[in-house]
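Let us walk through this structure together, one neighbourhood at a time. Keep the sequence and the 3D view side by side as you read.

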Amino acid sequence: MKSEFNKDYLKLKFQKILALEVIKDKGIETIEITFSGGGDDGDIDDVNFIKNDMHHANLNADEEKNEKIIRIITDWGWSIIEDTADTAGDWVNNQGGYGEIIINVFNKTYDVNYHQYTTEDFNWTDESLFH
């Protein structure tokens, strides 16, 4: 079982490396992944690929190769959310939260900006008008 895990892990890592190389070859410098949730549900809202001239690149999902790349990046986004936002708050339940993942393709780094919706209620009852 352990060797199966290692094989799957290595295969996934190799797929991520290849996806980043293909993306880099298309002149894409940044990947933006947005996510939001609330009311017991959450999802990745959008995946944007941004070229070095700040224009969005259109990876046509109809092409099988691009569809696989988008799927790999989306799955990677879920892993990043699990490692970051899931540890800071509950972005899918109650009021939920939202955020974005910014991946620097060339530096192979990412930033996560996460915002948690919170509600606090305060009640004072039977307070004396004269202290």
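Is Glu21 buried or exposed, or does Glu21 fall in between? Glu21 is partly exposed, because its relative accessible area is 29%, where buried means under 20%, exposed over 50% and partly exposed in between, using a 1.4 Å probe and protein chains only. Before going further, please note that this is a predicted model, in which local features need pLDDT of at least 70, side-chain atom pairs count only at pLDDT 80 or more, and totals for chains, interfaces and linings use all residues. Residues are numbered from 1 along each chain as its sequence is written, and side-chain values use heavy atoms, with hydrogens and water left out.

Glu21 belongs to helix H1; helices (H or I, at least four residues) and strands (E, at least two) are DSSP runs, numbered from the N terminus. Although 84 residues separate Glu21 from Val105 in sequence, their C-alpha atoms are 8.4 Å apart in space. A salt bridge here is a side-chain nitrogen of Lys or Arg within 4 Å of a carboxyl oxygen of Asp or Glu. Lys24 and Glu21 are 3 residues apart in helix H1, about one turn of the helix.

Lys68 counts as partly exposed because its relative accessibility is 40%, whereas Glu64 is exposed because its relative accessible area is 56%.

Another salt bridge joins the side chains of Arg71 and Glu67, at 3.7 Å from N to O. Arg71 and Glu67 are 4 residues apart in helix H2, so about one helical turn separates them. Arg71 has a relative accessible area of 45% and is therefore partly exposed; Glu67, at 38%, is therefore partly exposed too. Elsewhere, salt bridges that share partners join Glu21, Lys24 and Lys108 into one network.

Most residues other than glycine have a negative phi.

Lys108 also leads us to the largest pocket. Its lining consists of Lys13, Lys16, Ile17, Leu20, Trp76, Ser79, Ile80, Asp83, Ile103, Lys108, Thr109 and Tyr110. On a 1 Å grid over the protein atoms alone, a pocket is an open set of points where a 1.4 Å probe fits, with protein on both sides within 12 Å along at least five of seven lines, and lining residues have an atom within 4 Å of a point. The space in the largest pocket comes to about 240 Å³. Helix H1 (2-25), helix H2 (64-83) and strand S5 (109-116) each supply at least two residues of the lining. By class, the lining has 6 nonpolar, 2 polar and 4 charged residues.

Lys16, one of the lining residues, is found in helix H1. Lys16 is buried yet has no salt bridge, and Asp83, the nearest side chain of opposite charge, is 7.8 Å away. Leaving aside neighbours within four places in sequence, Lys16 is in contact (heavy atoms within 4.5 Å) with Ile72 and Trp76.

Our last stop is Asn48, in strand S2 (residues 41-51). Asn48 counts as buried because its relative accessibility is 19%. Beyond its neighbours within four places in sequence, Asn48 is in contact with Thr30, Ile31, Glu32 and His56. The C-alpha atoms of Asn48 and Lys11 are separated by 24 Å, with the two residues 37 apart along the chain.

How values were computed. Grid points are joined across faces, edges and corners, and a volume is the space filled by probe spheres set on the points. Ala, Val, Leu, Ile, Met, Phe, Trp, Tyr, Cys and Pro count as nonpolar, Asp, Glu, Lys and Arg as charged, and the others, Gly among them, as polar. Lys and Arg count as positive and Asp and Glu as negative; His and the chain ends are not counted.
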